Amino acid sequence: MEKRLIHLNVNGEDYELYINPKTLLVEAIRDIIGLTGTKRGCESGSCGACTVIVDGMSVKSCSVLAVQADGKKILTVEGLEQNGKLHPLQRAFLDYGSFQCGFCTPGMLMSAKALLDENPNPTKEEIKEGIDGNICRCTGYNSIIRAIEAVAKGQYKEG
Amino acid sequence: MIRDFTYLKPSSLSEALKMLKDYGEEAKIICGGQSLLILMRQGMVTPSYLMDIKHLDELRYIRFDERNGARIGATATHREIERSPLLRQHYPVLPEMERRLATIQTRNWGTIGGNLAHADPAGDPGPVLVALGASVTLKSLDGERTIPLEEFFVDYFETALRKDEILYEVSIPKPQRRSACTYTKFNLIESDMGIVSCACFVALEDGEVMKDVKIVLGNAGPVPLRARRAEEMLKGKRGDEGLFEEVAKVCSEDSQPVTDIHASEEYRRHLVYVLAKRMLRKAFSEAKVC
Amino acid sequence: MKNYVVINTHIHNIDGIAKVTGRAQYTFDITLPNMLYGKILRSPHPHARIIDIDVSKAERLPGVKAIVTGKDTLGIKQGIWRRYKELCDEPILAIEKVRYIGEPVVAVAATREEIAEEALDLIEVKYEVLPAVFEPPEAIKKGAPVIHEGFERNINVTRHIEWGDVDEAMKEADYIREDWFRIDGQHHVCMETRCAVSSYTPDGKLLVYTSTQAPYYIQVLLAWVLGLKESDVRVISKYTGGGFGGKFELDAAQFVSAILSMKTYRPVKVVFSREEDFIASKRRTPMYYYTRTGVKKDGTFVARETRVLTNGGAYTGMGATALYLTGFFHSFPYKWKAYRYDGFRVYTNTMPSSAMRGFGAPQATFCSELQIEWIAKELGIDPFEIRRKNGHTPGYEVPGQAYIQSCGLRECLDEIEKWVKSKGELPPNRAIGISCYGFMSGGIFNWFDTPYSFSSAVVQINYDGKVDLFVGAQDIGQGSNTTLAIICAEELGVRVEDIRVHSGDTAVCPPDLGAWGSRQTLMAGNAVKMAAADAKRQLLEIGAAKMRPNIVYDLDIRDRKLINLSRPERWVDYFEVVKDALRGKEGQKIIGRGFYTPHRKGMISPAYSYGVQAVEIEVDRETGKIKILNCVTAHDCGQPINKLGVLGQLEGAVAMAAGFGYLEYMPFEEGKLMNPNLVDYKVMRSTEMPETEVIEIETYEPEGPFGAKEAGEGLTNPTAAALGNAIFHAFGLQMKEVPMTPERIWRALREKKEK
């Protein structure tokens with residue numbers, strides 16, 4: 001087995017990793033780079049807790065090899081806030097209580113962000129579909145949907 | 001845990017084909033990996049060589065022309081198919097099917113080639129593409145061959161792909177006038193694979209006479225199953241509720257579902273009947289207004 | 001209308017920033033220097049004697065640092081019902097015998113996870129397979145395999161609850177109905193699987209990071225099984241990725257990581273895979289219910305007798321509590337002239353069953369509410385009327401069992417009736433079903449045998465007026481940190497942002513029985529209120545000197561102002577008072593202490609929450625598939641404290657309880673769980689979640705802090721029942737099995753057509 005040198009840009013920072021090619025993207029992010037905001041909740045690619053954004057697309061980082069993300073731009077939950085200023089989705093989640101234990105929250109925020117980046121004016125159905133890859137056992141989803149709707153409606157406009 | 005492997009990253013299709021020639025016996029191709037990686041993590045698939053073709057953009061396209069119909073490259077993602085204006089215009093059932101395929105994360109990274117090569121009998125694209133009369137082109141260093149998709153699926157998780165071949169492209173014949181294709185699956189969670197599923201293709205002569213029918217059942221057998229006896233009963237006939245009812249029963253009889261923890265064989269057969277009836281009805285009425 | 005400053009206002013979860021920014025460190029995220037990874041070899045047999053364990057090959061694998069079997073432990077059979085030694089039956093690492101597929105047998109610590117896994121494959125365990133039983137009716141037969149010595153017919157626990165004379169009372173009944181039900185189990189599916197990082201150091205002290213609902217329980221139980229002093233064990237659980245009843249007992253992740261660390265003197269991390277989490281934890285108790293109910297023709301309830309067999313699985317755990325609570329809450333929330341319950345918890349060779357949100361009450365409510373609906377239909381009585389007629393009212397005494405003080409059931413019924421009526425005539429494929437419920441706010445029992453108060457709290461006021469609140473109550477996502485901060489703030493007279501909550505650390509926080517049985521808002525809340533009042537009193541002493549009120553004791557602190565209650569325009573700044581008070585107390589921080597243990601509060605709980613829920617479904621008559629469209633709940637939790645928290649609890653409960661009702665099931669084959677993954681075990685996703693509406697019925701519960709009661713567990717009780725009643729109205733089906741899957745509905749419809 002030959003290790004491979006790859007470059008990952010995570011939250012705007014460049015990282016050089018020399019890894020076993022079987023390393024999953026989530027392992028590269030959590031265990032090697034050390035950003036533990038992204039979680040893991042299953043072995044079957046079902047729960048969505050590991051969701052990150054790669055080149056603007058939400059993906060399950062447990063089902064992507066790190067080598068396949070070589071040279072790509074990755075966004076994790078740690079990259080949402082800018083200089084201590086929370087992202088509108090984060091502010092909305094706080095206002096609407098869209099989390100409880102918080103374990104699914106990082107992945108959920110990533111799915112929500114990817115959804116709104118692609119579709120700034122989603123219908124409720126589209127929001128539900130946008131987060132149906134993320135299991136939440138605590139909230140019953142409706143508070144998450146309300147938060148996303150509020151952001152989409154412009155309640156958290158910057159400035 | 002994933003077993004160690006040697007990672008191969010060909011820079012072009014021809015390099016990939018050469019690598020397959022060299023390592024084919026011990027190699028597995030990874031594209032989106034949405035099915036393969038799970039199997040590898042469970043230790044069920046342990047290749048010595050893993051050849052990555054995800055980055056081969058020469059295989060990533062969705063094209064259409066009036067004469068030849070659609071051609072979809074193997075590394076086109078589900079999401080690209082879901083959002084393709086070309087496909088939405090000419091084969092609306094495809095984006096519709098993709099919309100309900102798994103979840104967005106899977107669709108963003110997973111590919112049509114990977115899905116078809118995985119040959120999960122419960123997979124969504126299979127029945128729909130078979131109903132549309134699709135073919136697949138398989139390439140190797142020695143040449144290429146195009147076979148009907150129906151023949152591509154051989155058994156549970158088994159395809160006609162040879163060890164040195166790559167699935168290169170899916171081609172769909174140009175849409176017939178006055179035709180429609182519908183698809184649905186029965187599940188409890190929206191993004192789940194179907195407990196059973198059904199795709200129906202209906203093409204009409206002038207009037208309401210069906211000249212071509214394809215009924216393809218998903219997860220009701222080891223591969224997408226053509227309900228041929230049922231199809232024959234419809235060809236040349238005028239569409240009508242009583243006929244659909246009868247034909248749906250035949251679909252049910254001819255299906256080969258299993259009993260598992262999600263549903264019994266008996267219930268699956270019943271669902272086949274219900275879905276076939278509904279999809280026939282829908283395809284027929286959509287074809288009429290085409 | 002009460003005039004509170006912070007109670008029931010919109011307040012952000014105080015752990016929010018940590019959670020939405022990814023800063024929160026769960027046990028899952030924790031790594032310590034020099035750490036090893038632990039893995040567990042589990043029994044492949046449901047019932048077998050362990051003949052021999054050969055670890056020699058595994059020991060030689062480079063990177064393996066320690067291997068432990070049951071023989072290497074003190075062999076203590078632990079249990080959470082410590083008062084009853086015979087119910088302490090679980091050694092965790094099996095000794096001599098395995099009793100369920102998945103039971104831990106060998107534990108390995110290695111430098112990498114992969115190596116530990118490889119080592120498992122190299123371990124050879126020789127078993128003598130024994131005959132096994134999987135269902136209670138089989139397990140109680142004479143001649144069935146004995147699972148635990150000394151438990152005849154595998155009957156583990158029995159419970160009898162009775163008042164009135166059922167046989168006599170039944171004679172007064174005009175209509176009697178009996179039904180049998182079968183309720184399947186359910187799994188917690190916490191997003192964070194069970195995990196622990198333990199570090200044993202040469203000074204003989206053990207530090208354990210773990211995902212738990214009750215750090216104090218884990219501290220005590222670990223000390224017990226490891227032969228350590230309780231105070232030498234420190235359990236930390238700052239952020240917990242879900243609990244739902246599955247994480248307040250000692251589990252193998254904690255035990256194994258601790259014992260491996262004790263052997264290696266290195267930190268050891270054990271994280272359950274999702275599959276392990278499914279097969280080797282404790283699930284909601286599956287039950288066989290027989291219930292016979294007699295009513296008068298005007299709908300007055302006369303008598304009910306119930307017999308229940310619960311599938312206890314291989315060990316007791318908290319399963320005995322589920323047996324108790326199901327029997328009690330099967331009478332709720334109605335007045336019965338006579339009631340008799342006999343419950344039998346039966347050992348089987350399956351995964352132990354124990355506690356899950358509702359703790360026996362969802363099962364009880366399902367059977368009760370469906371039967372009541374069918375009775376109402378038979379007698380031609382309106383479903384709301386029959387419930388109103390018999391429902392609990394404030395001041396009612398459940399004979400010999402409980403004294404109901406606050407009870408908003410009637411108002412809840414009125415609200416839901418209004419909603420149902422407003423829906424008018426429903427389209428052909430829609431139906432509505434309702435259910436009532438009642439639930440406890442913490443139990444009065446001390447089966448754990450703790451010498452400590454059930455809840456304690458310490459309030460510490462610093463020079464700058466900010467407050468450190470120390471509680472043993474555990475925040476597992478339900479928001480108890482925030483709720484307790486709100487109670488503290490209101491009582492002390494400051495704002496929530498002035499308070500920093502310390503929880504989840506047994507070395508620093510006072511003991512508390514933890515987050516289960518819906519006890520924390522009431523019990524920890526009372527402790528916090530008392531501590532805050534104690535601290536406030538010390539400030540008021542100084543305030544009195546400054547303000548010199550005419551009537552002594554006429555001062556209070558509200559919203560950072562120490563005010564004269566009769567002349568509120570006269571006030572002194574709280575922050576100034578603190579400074580004076582601290583200096584006045586020889587430079588000591590102001591410390592207030594509080595605690596709470598229920599005394600003489602009946603047999604079950606000091607207070608009960610109530611509610612009524614209506615569920616609207618759309619049905620596909622050909623396939624039996626149902627879609628839940630709307631779920632409306634009117635509930636009485638006394639005084640809501642944490643507004644966002646209560647709403648979150650309600651909506652989350654609906655998702656979990658609906659899953660229990662029609663989606664989630666745990667099929668076993670010969671003791672093997674057939675769907676231990678999130679593909680085959682179905683939980684609600686955003687696409688299945690109905691619209692939800694909440695109607696708060698405020699009452700005042702004298703037992704609770706500011707009149708508060710529980711909210712969140714009781715809300716899990718009614719949904720399956722409401723679904724069952726909706727299905728009854730949609731299809732005319734009397735569903736006797738849970739979950740009510742489409743296939744079961746389809747079969748029932750077919751059967752009905754054939755009749």
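This is a predicted model: local features need pLDDT of at least 70, side-chain atom pairs count only at pLDDT 80 or more; totals for chains, interfaces and linings use all residues.
1. The partner of strand 11 of chain B is strand 12 of chain B (residues 196-204), and the two pair in the antiparallel sense over 8 bridges. Within this pairing, B:Cys181 stands opposite B:Phe201, the latter belonging to strand 12 of chain B.

2. Where chains B and C touch, the contact draws 13 residues from chain B and 16 residues from chain C. On the chain B side, helix 12 (residues 265-288) gives the most, with 4 residues, and by class that side has 9 nonpolar, 3 polar and 1 charged residues.

3. Chain C holds an open sheet of 4 strands in the order 21-20-19-25, with mixed pairing. Its edge strands are strand 21 (499-502) and strand 25 (590-596), each of which pairs on one side only, and the twist from one strand to the next averages 15 degrees.

4. Within chain C, strand 20 (residues 467-471) and strand 21 pair in the parallel sense over 4 bridges, and C:Val467 has C:Ile499 in strand 21 as its bridge partner. Helix 14 of chain C (residues 520-547) packs on the sheet, where it touches strand 19 (455-461), strand 20 and strand 25, and its direction makes about 150 degrees with that of strand 25 of chain C.

Methods
Residues are numbered from 1 along each chain as its sequence is written. Chains are lettered from A and ligands numbered from 1 in the order in which they are written. Two strands pair if DSSP finds at least two bridges between them. Two residues are in contact if their C-beta atoms, placed from the backbone, lie within 7 Å. Ala, Val, Leu, Ile, Met, Phe, Trp, Tyr, Cys and Pro count as nonpolar, Asp, Glu, Lys and Arg as charged, and the others, Gly among them, as polar. Axes are lines fitted to C-alpha atoms, for helices over the stretch in contact, and angles run from 0 to 180 degrees between N-to-C directions.
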